[in-house]
Each structure stands twice: as C-alpha cells, then as structure tokens.
Amino acid sequence: MIDIVVEAKNLRKTFGGLVAVDDLSFSVMTGECFGILGPNGAGKTSTIKMIYAFSPPSGGTLNVLGMDISRHARAIKAKIGVCQQENNLDPDLTVLKNLEVFASYFNIPAAEAKRRSRELLELMAMEGRAASKPVELSGGMIRRVVVARALINRPELLILDEPTTGLDPQSRHQLWERLDVLKHNGLSILLTTHNMDEAARLCDRLIIVDRGRLVVEGRPPELVRRHVGRHIIEITDHNEPVRAFLRERNVPFESVGHRTLVGLENGEELCGRIKERFPDAACTMRMANLEDVFLRLTGRELRE
Ligand SMILES: Nc1ncnc2c1ncn2[C@@H]1O[C@H](COP(=O)(O)OP(=O)(O)OP(=O)(O)O)[C@@H](O)[C@H]1O
Ligand SMILES: [Mg+2]
C-alpha cells in the first residue's frame, strides 16, 4: 500500500496574471485527515481542484494515490470522492436517485448502486429522507447527502471543500462524528476549512496558506505551542497603561482594537500581576487555540 496519498511539489495555479497557488509543496499521508486552512481567496479551492483533476496545474508536480495527475486523471477520479464547496445535487431527483445516478458514472451495476446508496444514507443518518427532493432538505441534511454521494465509489481519498460552512452547531457536530467514523475505518481525508474548531478536532496535520503560499505546516497542538504558547491573556480595557506595563517588562503583546493579547507558555503569574496593578481591568486567561495561531500568522485585518 502507498503511504502518501497526495504529494504536491512546487504546485502553481495562475489565472491570467493572478497567482492563486504559488509554489505550494505538501504531502498527505495515508489514513490521515489533512487540512488546508487560509483566509478567503487564499487559494484553497484552487489547490484542491487540481488534486481532484478538475483544473490542470500551471506548474509543479502533483501525485495523487501514487499517480501523476497530468497523465492519470481518469484513474485518479475513479478512486477519490469529492464534496465541492457548492452543494450540487440534482434538484429534480430524490436523494436516493441522486446517489444511484452518480453511481452509474462509475459503472456500478444498478443493484449494487441501490445497496450502496441505502447503506451510505444510513451511515449519514439520512435513510429516512431517501425519497425527499433536495429542496425539502435543510442545509445540514444536503451536506450529509453530498458526503454520502462522494463515498459511492468507495474512494481511497475523500476531498471536502469547506464541509460545514453554513451549518448550525448540531449539524456540524453530526457531520464531524460521521467523518470520525470514516477516518477510523481508514479513509484518508483532505479538507479545507475556515472553522478552527473543525481543524483542531478533525485534522491530524494541516497547512495554513495565505495568498497562495504556504505559511506553516504541522499538527494542531504543536502549532499552538510553537506560535502562541499554552496560554492567552486578554485584557479588555485600560489599554494604554496596560500596554506600557507590558512594554516595561519586555512582554510581547498584540493590540486588537481595545483588546490586548499576550500569548505565553505559562500566564498565571503575569495575569496575577496585571490584576494586582490594574484591579478594575478585565483580565482573563484561557488556553491558546488554533484560531490564535491563524490570526497571528495571517493577520487580523479584514480582507476584501
Ligand atoms: N476560475 C477562476 N478564474 C479567475 N480567478 C480565479 C478563478 N478561481 C479562483 N480565482 C481566484 O484565485 C484566488 C484564489 O481563489 P480560491 O477560490 O482558490 O480561494 P479560497 O481559498 O478557496 O477562498 P474561499 O475561502 O473564499 O473559498 C482568488 O483571488 C480568486 O479570485
Ligand atoms: Mg474556496
């Protein structure tokens, strides 16, 4: 069995003069859940469209399941499952028919297609809605059907572009639990997301990209320790005196509007001292998380 399911080396995608993916190199290992994170327009969708052989790379090399994408696109497509950023079920067909028709693209015989479709709808807790049309379903239900459909050819690699964007917390957790099951069954998963809880919960390893370029790669807990520390202290008022206090002590901090943030390995002592010195400032300490890493590395300003 191959141990690398996706290997991208110096991958590039350009649209005219725009460089959407710029010299990106990374590997996805068999059986892992790998995340691509980045702000809007960072190049996530452009990257995975090349991986599922929808759009050809403008440069670099790309191997998927041990095959070169430029020569074996058909064979690769047969062995992967894809959930695009947009939900694209056929609105005229029932849920079950959507899956069965999709199965026919892979030349799966009708009886087998029906069996697999029912089995997958059950896995996604959608068996009760097999006869519904997409318009009758909620966003979360549609997403689960799209994931079920992506599994119809028993793929070796599942690719998900923002699987839970727009879903409420219940639907999100429901989908995460199902992705956990798939992962534990050995499926390799590649996903993009803006949701840092999702990345921390699902991804074994991830990369953050910005403006098409690799910013950082690693395991979520390691990234937090390396780039922020264990704790974050947030102070929400008395900004100028608090910042002067921190400067005097050479403590690096970030100013975010009227919040002052300090990331450090052990924040207890400093938090105590700030509270002592500024008794009526709101000073709280919490565990640092992936969102802190993301914001620190990709900047806090809003992009177009
Ligand atoms: N078909 C296209 N033609 C021209 N430009 C494109 C095309 N597809 C994407 N782009 C541009 O490439 C850049 C990267 O877009 P991409 O969709 O890959 O970003 P993304 O990281 O998926 O963003 P989002 O989080 O908003 O989905 C953007 O500047 C986008 O406008
Ligand atoms: Mg996208």
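Helix α3 passes helix α4 in a right-handed crossing. In this predicted model, α3 covers residues 95-105 and α4 covers residues 110-123. The axes of these two helices come within 9 Å and cross at roughly 130°. That angle makes α3 oblique to α4, because an angle over 145 degrees would be needed for a roughly antiparallel arrangement.

On the α3 side, the contact with α4 involves Val95, Leu96, Leu99, Glu100, Ala103 and Ser104. These residues meet Ala113, Lys114, Arg116, Ser117, Leu120 and Leu121 of α4. By class, the contact of α3 with α4 holds seven nonpolar, two polar and three charged residues.

Helix α3 also packs with helix α5, which spans residues 139-150. Here the axes lie 9 Å apart, at an angle of about 25°. α3 is therefore roughly parallel to α5, since angles under 35 degrees count as such. The crossing of α3 and α5 is right-handed.

Val95, Asn98, Leu99 and Phe102 form the α3 side of the contact with α5. The α5 side consists of Val145, Ala148 and Arg149. Five nonpolar residues, one polar residue and one charged residue make up the contact of α3 with α5.

Val95 and Leu99 of α3 take part in the contact with α4 and also in the contact with α5.

Terms used
Residues numbered from 1 in each chain as written. Chains lettered and ligands numbered in written order. Predicted model: local features only at pLDDT ≥ 70, side-chain atom pairs only at ≥ 80, totals over all residues. Axes fitted to C-alpha atoms, helices over the stretch in contact; angles between N-to-C directions. Helix = DSSP H or I, 4+ residues; strand = E, 2+ residues; numbered from the N terminus. Parallel < 35°, antiparallel > 145°, perpendicular 65-115°, else oblique. Left-handed = near helix turned anticlockwise from the far one by under 90°. Contact = placed C-beta atoms within 7 Å. Nonpolar A, V, L, I, M, F, W, Y, C, P; charged D, E, K, R; others polar.
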